[in-house]
Amino acid sequence: MELTQHNIIDYFLARYPSLREKYLAYVIYFKTPIPRPVKDSFWEVEEEEEHYEEPTFCAQLMSLEYSISALMKTEGGDEEIVKKIFNDIEEILAQCTDPFIEKDFEICFFENLLNGLSQRDYPIARLSQLLGPVSLKLCKDNEKFWGSHMLEC
Amino acid sequence: MEKPNVENPELASMLDKLYRPNARVGSGSTSDALRHERLTGEQVGGRNHMQKVSDSIKGLERWLEINKNIKATDISAAENVLKDLRNALQ
């Protein structure tokens with residue numbers, strides 16, 4: 001199956017069901033409710049289900065990152081699953097031909113991951129051991145932009 | 001603007017994602033990243049922060065809609081970051 005912007009998130013949520021709860025709790029903030037049309041009739045009072053505009057791929061990746069980073073703890077985290085997830089991400093990026101996927105992974109996923117590390121006391125060296133070469137390059141490009149040099153520690 | 005300190009853990013996590021510690025680009029905020037990109041043309045590997053800023057505005061707006069009963073200082077902090085993001089997008 002070819003992974004695209006439209007099915008990558010479903011792929012991760014199906015493969016790693018433990019991500020689902022946190023993902024859904026976060027992605028709700030990026031869903032814009034679609035206003036309901038004004039009713040013609042006073043009698044149309046039936047409750048309708050709320051409809052939402054789907055979040056962008058960037059927002060979905062931010063939510064995916066939120067759910068994955070919840071598993072990354074200095075103690076008591078689920079390092080084995082995290083390792084598998086990062087392996088999958090590496091494979092997707094290594095095979096990816098869509099430049100937009102790589103772009104969004106860098107700015108919306110890896111940048112968020114790096115931004116949140118120190119708040120959670122998660123060592124950068126431990127993260128870099130989980131990343132494959134393509135993922136690591138995206139993180140280093142991001143580091144270069146910010147001039148924060150966390151990965152050189 | 002500098003990252004504000006907030007008590008609500010979910011808001012704290014949202015704001016953490018918008019700031020790079022020890023950055024040399026502005027205050028390390030995503031808003032400053034976009035301003036820097038617009039000013040200098042420099043981007044992250046040819047990419048910019050426009051989409052992330054736009055999505056983060058949506059995220060914080062919705063968070064404020066849903067979380068009306070939290071501490072006033074947290075609401076004010078979220079509103080200030082939102083203002084900064086909107087300003088960067090203009």
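What is the mean pLDDT of chain B, and what share of its residues reach 70 or more? The mean is 93, and 96% of the residues of chain B reach 70 or more. Here pLDDT is the predictor's confidence in each residue, from 0 to 100. Within chain B, confidence is lowest in α1(B), at a mean of 94, and highest in α4(B), at 97. For the complex, the predictor gives an ipTM of 0.94 and a pTM of 0.91.

This is a predicted model, in which local features need pLDDT of at least 70, side-chain atom pairs count only at pLDDT 80 or more, and totals for chains, interfaces and linings use all residues. Residues are numbered from 1 along each chain as its sequence is written, while chains are lettered from A and ligands numbered from 1 in the order in which they are written.

**Chain A**

Chain A has seven helices and two strands. Helices (H or I, at least four residues) and strands (E, at least two) are DSSP runs, numbered from the N terminus. The order from the N terminus is α-α-β-β-α-α-α-α-α. The C-alpha trace of chain A spans about 65 × 35 × 35 Å along its principal axes. Of its 153 residues, 33% count as buried. Buried means 20 or more other C-beta atoms within 10 Å of the residue's own, exposed means 12 or fewer, and partly exposed lies in between; C-beta atoms are placed from the backbone.

A:Ile68 sits in helix α3 (residues 57-69) of chain A. A:Ile68 is buried, with 24 other C-beta atoms within 10 Å. Beyond its neighbours within four places in sequence, A:Ile68 is in contact with A:Leu19, A:Val82 and A:Ile85. Contact means that the C-beta atoms of two residues, placed from the backbone, lie within 7 Å.

Next come two helices of chain A. The axes of α5 (residues 99-117) and α7 (residues 133-146) of chain A come within 10 Å and cross at roughly 80 degrees. Therefore α5(A) is roughly perpendicular to α7(A), a label for angles of 65 to 115 degrees. Axes are lines fitted to C-alpha atoms, for helices over the stretch in contact, and angles run from 0 to 180 degrees between N-to-C directions. From α5(A), A:Phe105, A:Glu106, A:Phe110, A:Glu111 and A:Leu114 meet A:Ser135, A:Leu138, A:Cys139, A:Asp141 and A:Asn142 of α7(A).

**Chain B and its contact with chain A**

The contact takes 21 residues from chain B and 24 residues from chain A. On the chain B side, α1 (9-16) and α3 (50-66) each supply at least two residues. The largest share, seven residues, comes from α3(B).

Helix α1(B) also has buried residues: B:Leu11, B:Met14 and B:Leu15. They cover an arc of only 95 degrees around the axis, so they lie on the same side of α1(B). The buried residues of α1(B) pack against α3 and α4 (72-89) of chain B.

Most residues other than glycine have a negative phi.

Definitions and conventions
The arc is that of the directions from the helix axis to the C-beta atoms. Angles under 35 degrees count as roughly parallel, over 145 as roughly antiparallel, 65 to 115 as roughly perpendicular and the rest as oblique.
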